[in-house]
Structures are given as C-alpha cells and as structure tokens.
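Me: I am new to this structure and would like to get to know it. Could we go through it together, step by step?

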Amino acid sequence: MQFPRRSVLRGSLAASAVLALPAAATATAATAAPAFARSGRPRAAWGVQVGDVTSSSGEVWVRSDRPALMTVETSATESFRRTRRWHGPLLGPGTDFTGTVPLHGLPSGEQIHYRVTLQDPYDPRRSGEPVYGTFRTAPARRRAGARFLWSGDIAGQGWGINPDIGGYRVYEEMRRLDPDFFLCSGDNIYADGVIEPSVTLPDGRVWRNVTTPEKSKVAETLDEYRGNFRYNLLDHNLRAFNAQVPSIVQWDDHEVRNNWYPGQILDDARYTEKDVDVLAARSMRAFREYFPVSTQSPRGGRMHRVVRHGPMLDVFVLDMRTFRNANSPGRQPSDAQGILGAEQLRWLKRELARSRAVWKVIAADLPLGLVVGDGATDFEAVAQGDPGAPLGRELQIAELLRFIKHRAITGTLWLTADVHYTSAQHYAPERAAFKDFAPFWEFVSGPLAAGGFPANKLDATFGPRQVFVKAPSRANVSPMESPQYFGEVDIDGASGELTVRLRAEGDTVLFQRTLRPGQVGQTA
C-alpha cells in the first residue's frame, strides 16, 4: 500500500535541518547532547516514533530540547482537516526530555497521520513546529494479510554513522518497502562499543564515523546510556524510517554490555562500575525512555509481551536477558531457570495456547540451534555444542517445544538476529536427539549497521538443517565490505501462506521460502 509522503517528509526534513550530520566524520556531533535553552520555542529535533501498533492502538514517542508539554493530533488524512487530540506528559530531565503518548480507539486497517507539537509549559503562546509521522493500524479482517521486516545489531564493532556513504542507508531501503512494522530483534545499541573517529580497512580505505562524547567510552552512567540511544537518531535515514514505519523492539546483550547476565560481576578494566545489575538497571531506564513499548513506562514494566497484529499474526516478544541464569558450559541435567526464567516460560505457554492468530511469530533475541560461545568454556545462547539429549538451557526449550506439540499449536516460527549473518534453519524430530516436538523453522537476519561475522556451528539436539546461510569468511567485516542484512515476512490474506525473504542491502533477495498455515516445518 502506497500513500502520499508529504507529511512524513515534512517531519523528517525538519528534524534533519536541526540534526544535520557534520561534513567530516571526525567531527563531534554537536547536537548529541543539546543545551536546553530557555529562549525560543521547543523543538522535536530527534524525530518521532510509533511502537507496538495493534488494530486499535499505538504508542507515539518524541524528544524535546527543553521542558515541554507534548500533544499528539491524529487524522485520517494528511491535511489534518479533522483531528483527534491527545494530551501527553510534561517532558523534563527526569526522562531525558522524552515522552510517550498511548493512542487508543483507532480505526483498524487504516492509515493514521499524526503530528506532535511541543509547547512551552510556562508560556502557552510558544509552541514548536509540529513533527509529522504516519503508520497503519493492524487489520481486523483476515483477508488483509500482513507484511513486516526484522533485523537487529546497530552501530556495533566500531562501525557507526558514516556520512561518506550516506549514513545508515539500509533504513532508507527498508522504508521504501513500506512494511506494516519493523521488528528489531535486539542490540539496538552497542553500549560497550566505542565509536572512534576513523577506522582503516584491510584494503587501505578509511571508514569515518560521526562521534559523540557518550560514544567515546563504554557506557556506565545513565547519561552515557541515554547518549548511546541518542546516537543512532543522529542518522537522517533512521529518523525518516521511524516517521513512517512503526516498531516492535526488544533488547539483547549490547544494550548493557557483551554477553551479560543477572548477578554478573565484571572483570573488565574499562568499567569502574563492576556490578552488571546496576548497569542493566540504568540501561533499561534509558531504553524505556527512548522506545515506545506498550508494556513499559519510565516507572517500570516488562520487556516480554504479545503484540497482536490482526487475525493473521501475533508477535511474541521474548526477553532472553533479564531472567536468565549465568553463562556456563551448559551441561547441567536440570535447569528450571534456563534462559527465560520459570515465570516467563509459563507466560509464553499461556499466551501461545490462547492465541487464535494463524501465525505465531516467536521473536527471540538469541538463536536456538546456533552455538554462541562466551569465552573458552561457557555459552551465551541456548545451544552448547553437545549433540545429545537436552542439557542446561536446552531443557527449557525442549519443554516449550513439547508443550507446543501436545497442545497442537500450529503456525509457530522463530525469528532472531544476534549472530551478524543471515540463515534459515529447519528443525525436525527425525534428525534430533530430542524427538518430542513438531517441526519448525528459525530465520536469522542481521546486522543492520555493524560488523559481519562467519557462521556459527549447529547443535544437533533439536535436529536443525541449515537450508541457507550467507556470512563473511572473516570476523568484523565492515558495512563498506559486506552488505547489511534484514528479513521480510509477507502473509497473504487470501491463502494464509507466509513467505519469508532473507534480504541483503541493495534490493537483493537472497533466499525465499513459503510456508502453509497448519503445515509449518513439514518440508525442508
């Protein structure tokens, strides 16, 4: 579905005028931490975002450059001839001048145009220029279908916003595809990764970065985490994308630091704060401030949730960080905590059993059958390389897969990013050591703006067969040397068929597979 871009372009261009990238990547972005002036009018220079859109609701986000009252107006047309007004919070330093307004009672399956206005709380005559955006609500009818994109891993391994190549160009390519929403599978930032002014590539070319003070060291303070989330919004491609495409966002490890788990005490000279729980709390607060998530607010809330996108699709957003046990060799014969925690596992079972959607996407921030190590002996994800019966965190996944089979829950597939390449795995009991589950697919795609890495080994416990993989041959290949990856899911409303396309930057479809409803995973 295509629609006029005038309102989106007005909003993104207005923001771009304020947040224009420096001509040279070695320059520090002067607007990374703007001064909060007391004269003039409030400005929404960081653009707008909408999150967790359903058939009748969504969450609108904005950031001001000073204290301001937030107002959202919605309309069926971009002329805004008839509007509905939503009064939002007072934006102030307690939330880094960010705020979110929940919208309810929206018409299903419609294009919603909105504008956000910021007003001086002490002088109602002083209002800033509106910032515009648009999004589609989920359909109420099955025949409407659904289409979305997913990926993750942004500004990682030292590859930040490079103005020489146009910044995060992949976001403009995704925007042109005009999806219903974008699922970000984690690593929205690399809080543990420094962005240097320049990096020399193996062939002698120089990669130049936009830099900010908050990206000159690992993040430890709340302000440093906030600065990491602000950094990506310096990119005009991302701001234009946010103004048009709503998001469903989850977190993974690099929002805090690499491979973290609750209770961890760091042995890392870069950090003065060694308690990961303290760092995670600061990062989570900044995450809540910078993303519109329906189950969270600046006061708290959880990451895991279900976002219902009409009768064809439910998205089950997992949190494989907050409740996990410590990384270990993963060979324990019993493990009640696992990677999800007992409470989240019960929630996931309950919500999967309740779901009436044709397709049930399980949005994981880590892969299931790919072996992801953490040091010489420990493992970061679910798999640990032992091809036999489930052990360690695999036990919890085995319990979930058994539940899905025995409750005859159809239409499940797993999507993730994390490993910095793209692949498709089909899992089947006839190839597995653990056999009490129904076949299913797992699709991996990423990174969006980070280094590429070689493919990980497969763990045979759940019988994966890698039907497709595209990965670099060496570690940390820059976005100038290898395309960035994202995936597309397209559900046909008439037949109910779901098509997955693994895409590479440059309008390239690398792999495509169509699945039939009620027959998921039957063929590889």
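This is a predicted model: local features need pLDDT of at least 70, side-chain atom pairs count only at pLDDT 80 or more; totals for chains, interfaces and linings use all residues.

Me: Which side chain does Arg503 meet in a salt bridge?
Reply: Residues are numbered from 1 along each chain as its sequence is written, and side-chain values use heavy atoms, with hydrogens and water left out. A salt bridge needs a side-chain nitrogen of Lys or Arg within 4 Å of a carboxyl oxygen of Asp or Glu. At 2.8 Å from N to O, the partner of Arg503 is Glu488.

Me: In which strands do Arg503 and Glu488 lie?
Reply: Strands (E) are DSSP runs of at least two residues, and helices (H or I) of at least four, numbered from the N terminus. The pair ties together parts 15 residues apart in sequence, because Arg503 lies in strand E25 (residues 498-504) and Glu488 in strand E24 (residues 485-491).

Me: Is Glu488 buried or exposed?
Reply: Buried means under 20% relative accessible area, exposed over 50%, and partly exposed in between (1.4 Å probe, protein chains only). Glu488 has a relative accessible area of 3%, so this residue is buried.

Me: Which residues are linked with Arg503 in a network of salt bridges?
Reply: Side chains of opposite charge can pair when their charged atoms come close. Here the network joins Arg503 with Arg147, Glu488, Asp490 and Arg501.

Me: How many salt bridges are found in the whole structure?
Reply: Another of them joins Asp52 and Arg305, with the closest N and O atoms 2.8 Å apart. A search of the whole structure gives a total of 42.
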